[in-house]
Amino acid sequence: MDKIVDALFVFRGEGVVENFPGNYSDFRAYENSNEAEEAPVEKVIEKKIEEKKKSKNALSFDEKREFGALEVEIERLQKRKLTIENQFLNVEIDADDIPKKSEELQEIANELEEKEERWLELSMKQED
């Protein structure tokens, strides 16, 4: 083919046709040199796309603040819950205080559960 052809029509697709002055071997060498130059650019673009995907998964400033505040709040609630549970272990607890303490303990348990779920969501998002 190199001996017969001195110009090529290169069909790129989508209606694009290029005229290449030279034989098929020259065309292949030209294409290979272009691919070598374009490859680093394509890798850089792919790398930037991956970084953007990772940054979308990363925590925002507000989420980081919320994450830190949740850790402190969870610790405070756990201490409060432990204090109330220890009061129930005390034999000298007043019978009138038991319903109040039970309601308070239930509220703390519910709030603690919500905070722990949100903390888990943020920690999983941070890991991705």
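Guide: Ser123 has its place in helix 3. A helix here is a DSSP run of H or I with at least four residues, a strand is a run of E with at least two, and both are numbered from the N terminus. This is a predicted model: local features need pLDDT of at least 70, side-chain atom pairs count only at pLDDT 80 or more, and totals for chains, interfaces and linings use all residues. Residues are numbered from 1 along each chain as its sequence is written, and side-chain values use heavy atoms, with hydrogens and water left out.

Visitor: Why is Ser123 called buried?

Guide: Its relative accessibility is 9%. Buried means under 20% relative accessible area, exposed means over 50%, and partly exposed lies in between (1.4 Å probe, protein chains only). Ser123 therefore counts as buried.

Visitor: Which residues of helix 3 are buried, and what do they pack against?

Guide: They are Lys101, Leu105, Ile108, Leu112, Leu122 and Ser123. These buried residues pack against helix 2. In helix 2, the buried residues are Glu63, Phe67, Leu70, Ile74, Leu77 and Ile84. Their cover includes helix 3. An α-helix has 3.6 residues a turn, so residues three or four places apart point the same way.

Visitor: Why is the pair of Phe20 and Phe27 called edge-to-face?

Guide: The ring centres are 5.4 Å apart and the planes stand at 70 degrees, so the pair is edge-to-face. Both residues are buried.

Visitor: What is the pair of Phe20 and Tyr30 called, and why?

Guide: The centres are 5.6 Å apart and the planes meet at 40 degrees, so this pair is tilted. Phe20 lies in strand 2 (residues 16–20) and Tyr30 in helix 1 (residues 24–57), so the pair ties together parts that are 10 residues apart in sequence. Phe20 has 14% relative accessibility and counts as buried. Tyr30 has 42% and counts as partly exposed. Ring pairs link Phe20, Tyr24, Phe27 and Tyr30 into a cluster.

Visitor: Is Asn23 buried or exposed, and how do you know?

Guide: Asn23 is buried, because its relative accessible area is 18%. This residue is in the loop between strand 2 and helix 1. The Asn23 side chain reaches the backbone nitrogen of Asp26 at 2.9 Å. Contact means heavy atoms within 4.5 Å. Residues up to four places away in sequence aside, Asn23 touches Asp2, Val5 and Leu8.

Visitor: Why is Glu18 called partly exposed?

Guide: The relative accessible area of Glu18 is 35%, which is why this label applies. Glu18 belongs to strand 2. Its side chain joins that of Arg12 in a polar contact of 3.2 Å. Beyond neighbours within four places in sequence, Glu18 is in contact with Leu8, Phe9, Val10 and Arg12. From C-alpha to C-alpha, Glu18 and Leu8 are 8.1 Å apart, and 10 residues separate them in sequence.

Visitor: Where is confidence lowest, and where highest?

Guide: pLDDT is the predictor's confidence in each residue, from 0 to 100. Helix 1 is lowest, at a mean of 70, and helix 2 (residues 61–89) is highest, at 91. The chain averages 83, with 84% of residues scoring at least 70.

Visitor: What pattern does the chain follow?

Guide: Along the sequence it reads β-β-α-α-α. That comes to 3 helices and 2 strands. Of the 128 residues, 16% count as buried.

Terms used: Rings of Phe, Tyr and Trp (its six-membered ring) pair if their centres lie within 6.5 Å; planes under 30 degrees apart count as stacked, over 60 as edge-to-face and the rest as tilted. A polar contact is a pair of N or O atoms within 3.5 Å; within protein, one must be able to donate a hydrogen and the other to accept it, and residues adjacent in sequence count only if both atoms are side-chain atoms.
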